[in-house]
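We will take a short walk from stop to stop, with a note on what to look for at each.

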Amino acid sequence: MKHNILNTGLYGLLVKNAPNKVFISIILSSVAGLLQVMLIPLLVTSFNLQAAHIAPGLEYGGAWERWGVRVDSPRFALCFFAACLLILVLRGTSGRLMNEVVTKLGLDLKRFIYNKVTRAPVQDLEQVGFAALMASLTSDIDKLSTGARMIPIVLNYLIVIGGVVAMLTYLNPGVMLFILACAVVGVACYQPFSHFGGQALGQARRCVNQVIEFNRGLIYGSKELKLNRRKRDAYIAELHQVEDQQRRFQLKGGTLFLVGSQFAGLMNMLVIGLVAFVMSNFYALSPDALISIVMILLYLSEPMMGIVECLSSLIPARISVLAVRKCLRQLRAESEPETDGKIAIHKLQAFQLEYAYQVKDQADFQFRVGPVSATFRRGQVSFITGGNGSGKSTLSKLLSLHYLPSDGCVMINDERVTDENRSAMRQNISAIFTDFHLFPRLYDVAEGEAGKIAGYMQELKLEERVSLDDGKFSTLGLSDGQRKRIALLVSYLEDRDVYVFDEWAADQDPQFKEFFYSTILFRLRELGKIVIVITHDDRYFHLADQLIKMENGALKAIEQRQALAA
Ligand SMILES: Nc1ncnc2c1ncn2[C@@H]1O[C@H](COP(=O)(O)OP(=O)(O)O)[C@@H](O)[C@H]1O
Ligand SMILES: [Mg+2]
C-alpha cells in the first residue's frame, strides 16, 4: 500500500487505491447530478408551454389520455420519468462501485495495520498498548469507511449545486450574487458548530481506548472481580464514569452537528423567504421568474442539507484518521529478512548490553537493566538467576532480539546485531516467555513429523489430553503446566539454534522439572544448541555450564561450570 494512511488523507486513500473504480463511480454520480439539474428546466419549460397553450406541435406531443388518466406534455413526462430512472440506475451503480472500493479500503487498512504490527518491535507494541490498537482496528476503521462512503455522495451534491448555481446565474445574476453572499454567511455561521462538534467528538474518541482497556479487565479479570464484590462495584463504577464521559462528549458533538444542520436548513428557508418577499421587489422579478427561482432554491435544499449531513460522518472519519495515524506513527518498522533461510548461530554475545524502560508519565523514573556482558556458545546451557524484578526477563527479551538495547549491543557470530539484520537473526531463535501465547495450530512444521510429535507428546504426558488433527490442537483448555508443555513441544519442533526459557519449569511437577532439566536441556546441549534458562531452581544449578546472577537490574556475577561442579 504505497499511499497509506500515514501520508494520505481519506480522499487520497480512496482515489489512489482504486483510481479506476473511483473515477467511474464519480463520473456516473456526476452524470446523475447533471441529469438531476436538467430536471428543473425540463419541468419549467413544460409548465411554461402548458401555461401558454402553445400550438400542439410545440407542446411536445399534446395531451395523452387513457383509462381516465390525463398526462399533459407526454413527451416531457416521458423524458422526466426516463431521467428519474436513469438517475436511479446511475446512482445505484455508482454507489455499488463505491461500496466495493470502501469495503476494500477498510480491509486494506486493516491489513496495513496488521503489517505494521507484525513488523514493529515488541517494545513499541507494549508502548502503544492493546487498547489503542484494538480501537484503531475496530471503531476507527468503521468510522473511516463510513466517512469514505460519503465522499462520492458529497461530490454528487456539489455537482447538483454547481448546476443549479449556473442555472440561477443564467436566470438572474443579481439574485445569484445575493444567494452566494448568503451562502458565505451560512458557511461562516456553520463553522463554529462543526469546529466545536468535531472537538467534542475528538474528546469522545479519546475515551474509547480507556473503555476497551476496562472491557478487557472485565473479561480477563472476571475471576478476581467475582471474588470481591466491592472491588467489582468500584471497577464497574470507574468504567461507567469513563463511558458517561464518552457519552457526554458524544452527545455534545452530536447536538452541535444537529443544531448546525438545523441552522443550515433555517438559513435555506430564510434565503427563500428573502428572495420571495424582499429581493423580488428589488430586482423587479416577474411572477414566473420568481416561481422558477424559488423552485430552484427549494431544489437546492436537498444537496445543501445532504452535504451538512455528510459532514457529520466525514468529521469523525477525519478524527479516526488522525487517531490511527498517531497510533501507527509510534510503531517503527523492522527490516524484513531477505531470505527465508536461517542464519546459523554459533555464538551469542551480550556486549555492555543495557535497557531502559520508558514509562509513560514517569519521565524521572526509569528502570535500567545492565550493563551486561556475557557469551553464550553452542552446546552450552546458561542459567540466569536473581530475585524478582532483577531484570532477568528483560535480559531474555534483549537476548532474543525483541527489545532494542538502549546501549551496548548483541553480537551474533561476532557480528553486531543491527536494525537491518535483527529480524533475520531472530529467525533462528526460539523462546518461551512467561506470558507466552499458544496458537491453536502448529505452524511451520514440516510434514512427516507426525511420528516425532507423537513421541514428544508421550514424553510430555500430553497424549491423553490433547491430540493433533491436521496440525491443529484438539483443545487448549488445559492446565497451566500442560499449556507450558505444549509451548515446549512447539518450541522444540521449531528446531532453532538458540533456545530461551523464561521460568519454564516454575509451575511444573517435580517429575517434569526433572525431565526438563535433566533430559530436555541435556538433549539440547547434545544437539549443540545455545540454551538460556531463567530459573530459581537452585537444586539444578549444577547442571548449568554458566550461571549468570542478576541483582536489581545489574549483572552481579557469572560463574562457569568448573566452579559450579566444585
Ligand atoms: N513493561 C514494563 N514497563 C516498565 N517497566 C518495566 C516493564 N517490565 C518490567 N519493568 C521494570 O523492569 C524491572 C525488571 O523486570 P523483569 O525483567 O521482568 O524482572 P524479572 O524477570 O527478573 O523478575 C521491573 O522491576 C520493572 O520495574
Ligand atoms: Mg521475569
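**Stop 1: the ligand shell**

Select ligand 1 and the residues around it: Glu126, Tyr357, Val359, Phe367, Gly386, Asn388, Gly389, Ser390, Gly391, Lys392, Ser393 and Thr394. A residue is near the ligand here if its C-beta atom, placed from the backbone, lies within 6 Å of it.

Before going further, a word on the model: it is predicted, so local features need pLDDT of at least 70 and side-chain atom pairs count only at pLDDT 80 or more, while totals for chains, interfaces and linings use all residues. Residues are numbered from 1 along each chain as its sequence is written, and chains are lettered from A and ligands numbered from 1 in the order in which they are written.

Now colour helix 10 (residues 392-399), which gives the largest share of the shell around ligand 1, with 3 residues. Helices are DSSP runs (H or I, at least four residues), numbered from the N terminus. By class, the shell of ligand 1 has 3 nonpolar, 7 polar and 2 charged residues. In this scheme Ala, Val, Leu, Ile, Met, Phe, Trp, Tyr, Cys and Pro count as nonpolar, Asp, Glu, Lys and Arg as charged, and the others, Gly among them, as polar.

**Stop 2: two domains**

Zoom out and colour residues 10-329 as domain 1 and 347-565 as domain 2; these bounds come from an automatic or database domain assignment. The C-alpha centres of the two domains are 55 Å apart. Where they touch, 4 residues of domain 1 contact 5 residues of domain 2, a contact being two C-beta atoms, placed from the backbone, within 7 Å. The domain 1 side of that contact holds 2 nonpolar, 2 polar and no charged residues.

**Stop 3: helix 8 against helix 9**

Select residues 229-282 (helix 8) and 287-329 (helix 9): their axes come within 10 Å and cross at roughly 170°. Axes are lines fitted to C-alpha atoms over the stretch in contact, and angles run from 0 to 180 degrees between N-to-C directions. Helix 8 is therefore roughly antiparallel to helix 9, a label for angles over 145 degrees, with those under 35 counting as roughly parallel. Show side chains, and among the residues meeting here you will find Phe257 and Ala264 of helix 8, and Leu290 and Met304 of helix 9. The classes in this contact are 14 nonpolar, 7 polar and 1 charged.

**Stop 4: bring in helix 6**

Finally, hide helix 9. Helix 6 and helix 8 pack at about 170°, axes 8 Å apart, and are therefore roughly antiparallel. Their contact divides into 27 nonpolar, 11 polar and 2 charged residues.

Definitions and conventions. Helix = DSSP H or I, 4+ residues; strand = E, 2+ residues; numbered from the N terminus. Parallel < 35°, antiparallel > 145°, perpendicular 65-115°, else oblique.
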